[in-house]
Each structure stands twice: as structure tokens, then as C-alpha cells.
Amino acid sequence: MSKQKLRSIPAVEKILQALGETGLPRPLVVSTVREALAAIRKEKAVPKFDAVLNYVNSALASLRRSRIQPVINGTGVIIHTNLGRAPLGIDAIDALSAVGARYNNLEYDLSSGKRGSRGDYLEKCLALLCKAEAATIVNNCAAALVLILRQFTSVKPEVVISRGELVQIGGGFRIPDILETSGARLKEIGATNKTSLRDYERAIGKETGLVLKVHRSNFFMDGFVASPSTEELAALARKKRVPFVEDLGSGAIVATERFEGVEHEPTPAEGVRRGVDLVCFSGDKLLGGPQAGIIAGKRRHIAALKKNPFFRALRCDKLILAAMQATVESYLNSQADKSAPNPSIPILEMLGVSMEALEARAGKMIEALAGLPIRLKIGRRQSTIGGGTLPRSALSSVALEIAPETMTTQELAARLRAASPPVAGSVGAGKFHIDLRTVFPRQDQEVVDALKGLF
Ligand SMILES: *Cc1c(COP(=O)(O)O)cnc(C)c1O
């Protein structure tokens with residue numbers, strides 16, 4: 001028998017001692033060590049103690065990296081679904097900590113001292129923002145869609161929708177699936193590239209509960225394409241007495257074309273003005289707030305949705321309401337202030353940063369990085385907005401282009417992801433790119449420190 005086979009499996013306690021401080025809760029560390037030892041028991045030979053320790057350490061490092069934590073976004077994608085979509089503004093953060101850490105008037109009427117209703121004030125502000133009669137809020141836009149479908153198709157089950165809009169939106173979520181989940185019956189009309197008003201007219205019948213339009217927020221079609229305007233559809237739906245709902249997806253409030261390279265994204269107020277009965281959109285895409293689904297439009301429809309028993313399952317908690325209230329108030333304040341047309345919303349600030357400002361930051365960072373075994377260049381690139389929004393827009397941007405001399409580009413990328421805080425970027429043409437448009441200026445030093453720490 002070899003020596004290796006004689007070596008005994010180390011005790012959990014001995015490994016825990018050798019690990020020292022891990023930064024993770026002890027029960028999690030203990031369970032990781034036990035799992036590692038169980039795996040070793042299945043091996044033919046028992047590895048050396050150091051090898052066991054390395055194995056456990058790498059499992060713990062991977063656990064540490066999977067904790068939710070801040071990440072520096074060097075990808076240039078402003079609304080990156082994998083990186084948490086829109087970062088919140090300072091006012092929203094202040095509201096979160098003030099309301100979250102204390103009791104609050106979530107459902108308490110401070111005027112009467114009696115039970116109050118949740119979100120009244122926010123709903124009023126949202127309605128103003130969307131120039132609608134009324135508005136409400138649920139957990140996300142997918143939830144908003146399900147609620148709308150359940151409400152309007154409970155008696156008449158059919159939803160009329162164009163084949164060109166049976167799309168997949170963020171996170172493997174398909175419109176046809178959501179229709180089915182909601183118990184609605186899909187009535188597809190037209191062709192992928194063309195749907196006419198006549199198609200809608202013919203399809204709307206006694207069983208039609210809803211006409212749904214889904215904004216193509218994450219792709220675009222070009223060439224031989226046509227579909228009726230929102231106004232035409234609204235007029236038809238009104239004539240046929242069927243509710244008409246538009247899922248806008250990204251929920252831009254400001255005129256996005258004011259940012260260079262960005263095209264116009266239909267706003268909720270435009271939808272309402274064009275005669276849509278209800279619009280719905282996400283809170284954490286172009287609006288720049290917390291994750292939520294906002295529904296705005298006709299008062300009687302909003303009231304009906306709020307009475308639907310399913311609404312209770314989708315309602316937002318105090319933290320979301322607090323953060324959204326602060327976000328919406330900054331929009332309303334900026335609308336009243338002609339001298340500051342953009343609210344202080346991080347994603348809007350990122351969209352508006354000039355190339356000169358980005359280049360100046362890149363120059364400073366390159367100076368700070370002098371002497372490292374890397375080749376550095378200021379690169380110009382096009383970044384996308386992401387998050388299933390504005391697929392046709394391309395923002396010019398500035399990136400640090402890094403070619404390491406002592407490791408591969410992939411290795412550099414992996415080590416930056418393991419840095420604290422982690423830095424995410426993109427690899428292309430043998431270089432690692434850190435796009436500065438999505439890096440907060442206050443994080444420039446952290447990027448410099450992360451790179452210095454690697455060499
Ligand atoms: C993103 C998107 C949704 C889903 O929104 P969530 O808030 O992520 O649930 C729905 N519809 C459209 C058109 C979208 O772009």
C-alpha cells in the first residue's frame with residue numbers, strides 16, 4: 001500500500017483552523033469543508049493537507065464571488081441586465097435607508113391616524129409623469145403584463161397581437177408563454193414583417209378581451225415592414241370597445257434623442273396621448289429606478305387592476321416604493337426646472353457624458369498606471385445601451401485598451417473579475433477593454449488600484 005493511501009482524511013476542525021478568517025458565515029464555511037472532505041472520501045488516494053486546503057480555499061473564493069456585491073461596469077452597456085440594470089441615484093439610496101431602517105407610513109394615513117392605502121402618493125406622481133389619468137406599480141413589467149392579461153381576459157379570453165410582436169424579452173421570457181401563463185388565448189395576426197389595420201379589424205371578435213401591442217424594444221426590423229400606428233389601433237379598439245394596451249418595455253421618460261447617437265424611444269406619455277388605454281413599462285431600464293413594473297392610463301382600468309386579487313401577489317414593498325418615489329420626484333422636479341433638464345439619474349448622466357470628459361479621465365488613469373507590464377491605449381468605441389432597449393442606438397465612448405505582457409488577456413479578465421471590487425470589461429482583438437462611460441468617475445481610482453494589484 002502506498003503512503004498516500006495511508007494518509008488519513010483531515011478533520012474538519014483542523015482545516016477550519018488552517019483557513020483562518022474567510023469573510024464568510026461560519027456555517028457556510030463548515031458545510032463547504034464537509035463537502036470537500038466528502039468528495040475526497042470518494043477519491044482513491046487522500047491528497048496532501050495543503051492540497052485539501054487549496055481546494056477548500058478555491059471553493060470559498062468562488063462562494064465569495066457569488067455573493068451579491070458591487071461590480072465596476074467596464075462593459076459600456078449602460079443597462080446591463082446581468083449587472084443589475086440601472087444603478088440608483090443618491091436620492092433613491094437616501095430614501096431606501098431612511099425608510100428601510102425605520103417604521104414608516106406605508107399603510108398608515110397620517111392625516112386621520114387610520115389605516116391608509118399603500119402607494120397613493122407615488123401613484124399620483126407616476127400618473128403625472130405619464131400624463132395619464134391614473135397609474136400603479138407592481139414588481140416588474142412582466143408582472144404588469146400578467147396582471148393586465150388576467151384582468152382583461154377573464155371573461156373574453158382572446159388577445160389579439162401581431163406576429164411581429166411575439167417576441168422574447170429579457171431573461172428568456174417570451175410573450176406567447178406569458179399569454180399562456182395568464183390563461184389568455186393568443187390570436188396571432190399578420191406576418192412577422194407586416195400587419196395591417198385590416199388584420200386587426202378582422203381579428204377582433206366577440207371573444208376578444210384585449211388588443212396588445214408590444215414595443216420591439218430589444219431588436220429592430222428594417223426593409224419590407226409595416227404595422228398600423230398606435231393612433232390607428234387606438235381608434236379601432238375604441239370603435240370595437242376593446243381595451244388597447246401597449247407594453248413599452250424600457251420606459252424612457254426624457255426624449256432620448258437628446259443624447260448623441262441615441263434614437264427616440266416612445267415614452268409612456270406619448271402612448272397615452274395617442275389613445276392607448278394602458279401602457280406598461282419597467283422601472284429599472286431607461287427610467288433608472290428600482291425594479292418595478294409601472295402601469296398608466298385610464299382611471300377605471302387602473303382601479304380594476306388594483307381590485308384584482310392577483311394584484312396582492314405582485315405588490316411592491318416599502319423599499320421599492322421609497323426608491324421609486326425619490327426617482328419619480330427627481331423627474332418631476334427637473335421637468336419644472338428649465339435650467340436643469342435632466343434629473344439626477346445615474347443612467348441619464350452616463351448617457352450625457354461627453355467624449356472629452358471620458359478622454360480626460362482615460363488620460364489620467366493611463367498616467368497613474370505608468371510602469372506596469374501592460375501596453376495601454378485610449379480607444380474609441382461604440383457602446384450599446386442594453387437591457388433590451390434602443391437596439392439601434394450606438395453611443396460613442398472611450399475605453400482603456402489593455403494588452404498585458406505577462407499574462408493572457410483572458411487571464412487578465414479573470415483576475416479583474418476576482419479583484420475587490422470586481423471589474424467587468426470586454427475582450428476583443430487581443431486586448432481587454434474597460435469602457436469608461438459606465439464606470440462612475442469615483443471608481444476610476446478603484447480600477448487603477450485593481451490593475452496595480454495584479455502586477
Ligand atoms: C424588458 C421588457 C419587459 C420585461 O420587463 P421586466 O421589468 O424585466 O419584467 C417586458 N416587455 C418589454 C417590451 C421589455 O422590453
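Figure 1. What covers the buried residues of helix H2? Contact here means heavy atoms within 4.5 Å. Helices (H or I, at least four residues) and strands (E, at least two) are DSSP runs, numbered from the N terminus. This is a predicted model, in which local features need pLDDT of at least 70, side-chain atom pairs count only at pLDDT 80 or more, and totals for chains, interfaces and linings use all residues. Residues are numbered from 1 along each chain as its sequence is written, and side-chain values use heavy atoms, with hydrogens and water left out. In H2 (residues 12-19), Ile 15, Leu 16 and Leu 19 are buried. The buried residues of H2 fall within an arc of 100 degrees seen down its axis, so they line one face of the helix. That arc is taken from the directions from the helix axis to the C-beta atoms. Buried means under 20% relative accessible area, exposed over 50%, and partly exposed in between (1.4 Å probe, protein chains only). Gly 20 follows H2 and has a positive phi, near 70 degrees.

**Figure 2. The whole chain, for orientation.** The protein has 18 helices and 15 strands. Its C-alpha trace spans about 85 × 55 × 50 Å along the principal axes. Of the 455 residues, 47% are buried. Among contacts with a separation of 6 or more, 74% join residues 24 or more positions apart.

**Figure 3. Strand S9, covered on both faces.** In S9, 5 of 5 residues are buried. Leu 278, Cys 280 and Ser 282 lie on one side, Val 279 and Phe 281 on the other. In a regular strand the side chains alternate between the two faces of the sheet. Strand S8 (residues 244-249) runs parallel to S9, joined by 4 bridges. Two strands pair if DSSP finds at least two bridges between them. Val 245 stands opposite Leu 278 in this pairing.

**Figure 4. Strand S15 and its two antiparallel partners.** Strand S15 (residues 431-435) has 4 of its 5 residues buried. Strand S12 (residues 395-404) is antiparallel to S15, with 4 bridges between them. Leu 400 has Ile 434 as its bridge partner in S15. Strand S14 (residues 426-428) also pairs with S15 in the antiparallel sense, over 3 bridges. Here Ser 426 stands opposite His 433. S14 and S15 form a hairpin with 2 residues between them. Ala 429, in the turn, has a positive phi of about 50 degrees.

**Figure 5. The salt bridge of Glu 207 and Arg 185.** A salt bridge is a side-chain nitrogen of Lys or Arg within 4 Å of a carboxyl oxygen of Asp or Glu. The whole structure holds 21 of these salt bridges. In one of them, Glu 207 meets Arg 185 at 3.2 Å, N to O. Glu 207 lies in the loop between helix H9 (197-203) and strand S7 (208-214) and Arg 185 in strand S6 (residues 185-189), so the pair ties together parts 22 residues apart in sequence. Glu 207 is partly exposed, at 37% relative accessible area. Arg 185 is partly exposed too, at 39%.

Figure 6. Arg 202 and Asp 199 meet at 3.3 Å, N to O. Both lie in H9, 3 residues apart, about one turn of the helix. Which end is buried and which is exposed? Arg 202 is exposed, at 54% relative accessible area. Asp 199 is buried, at 18%.

**Figure 7. Asp 277 and Lys 298, a link between two loops.** The closest N and O atoms of this salt bridge are 2.8 Å apart. Asp 277 sits in the loop between helix H11 (268-273) and strand S9 (278-282), and Lys 298 in the loop between strand S10 (293-297) and helix H12 (299-307), 21 residues apart. Asp 277 is buried, at 11% relative accessibility. Lys 298 is partly exposed, at 28%.

**Figure 8. A salt-bridge network and two charges over rings.** Glu 107, Arg 115, Arg 118 and Arg 315 are linked in a network of salt bridges. A charge sits over a ring if NZ of Lys or CZ of Arg is within 6 Å of the ring centre and within 35 degrees of the ring normal. The charged end of Lys 14 sits over the ring of Phe 49, 4.3 Å from its centre. Arg 150 lies over the face of Phe 310, also at 4.3 Å from the ring centre.
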